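Open the viewer and keep the selection tool at hand. This tour goes stop by stop.

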Amino acid sequence: MNDTTNNPAPAYGYLRVFSDAAYRQAPTLEDDMERYAHTHGLQLIAVHHEFARGKLDAFTTLVNTLRRTGAHHVLVPSLDHLGQSGALQRVLLSRLESSLRATVHTLDAS
């Protein structure tokens, strides 16, 4: 066994849940994140959910959690969960990657 199997790195998830369909799909996406984490030597600690359009409360909580815990891995189903516009995606991705030195893992890229 390698070190990542014995001591998986902590990871946190982020989901935007703006519709009834997305709400129903959230448990499946969380299961997908859990599987991804397990197969990539990570441990999914928690998933932060954004429920209101135009808000970033859960994202702010995610950022604060990464700072507090020193974790450097974030899981998202796709970059669309960071924002619908490319500009917003780039800003939030930059905040995670540059400011917090986090690696953002997208499940749709695996």
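What pLDDT does the protein chain average? The average is 92, and 94% of the residues score at least 70. Here pLDDT is the predictor's confidence in each residue, from 0 to 100.

This is a predicted model: local features need pLDDT of at least 70, side-chain atom pairs count only at pLDDT 80 or more, and totals for chains, interfaces and linings use all residues. Residues are numbered from 1 along each chain as its sequence is written, and side-chain values use heavy atoms, with hydrogens and water left out.

**Color by confidence.** Select helix 1 (residues 3–6): confidence is lowest there, at a mean of 56. Strand 3 (residues 73–76) has the highest, at 98. Helices (H or I, at least four residues) and strands (E, at least two) are DSSP runs, numbered from the N terminus.

**Select D32 and R35.** They form a salt bridge (a side-chain nitrogen of Lys or Arg within 4 Å of a carboxyl oxygen of Asp or Glu). Their closest N and O atoms are 2.4 Å apart. A search of the whole structure finds one salt bridge. The two residues sit three apart in helix 2 (residues 20–39), so about one helical turn separates them.

**Select L62.** Leaving aside neighbours within four places in sequence, L62 is in contact (heavy atoms within 4.5 Å) with Y12, G13, Y14, H48, V74 and L96.
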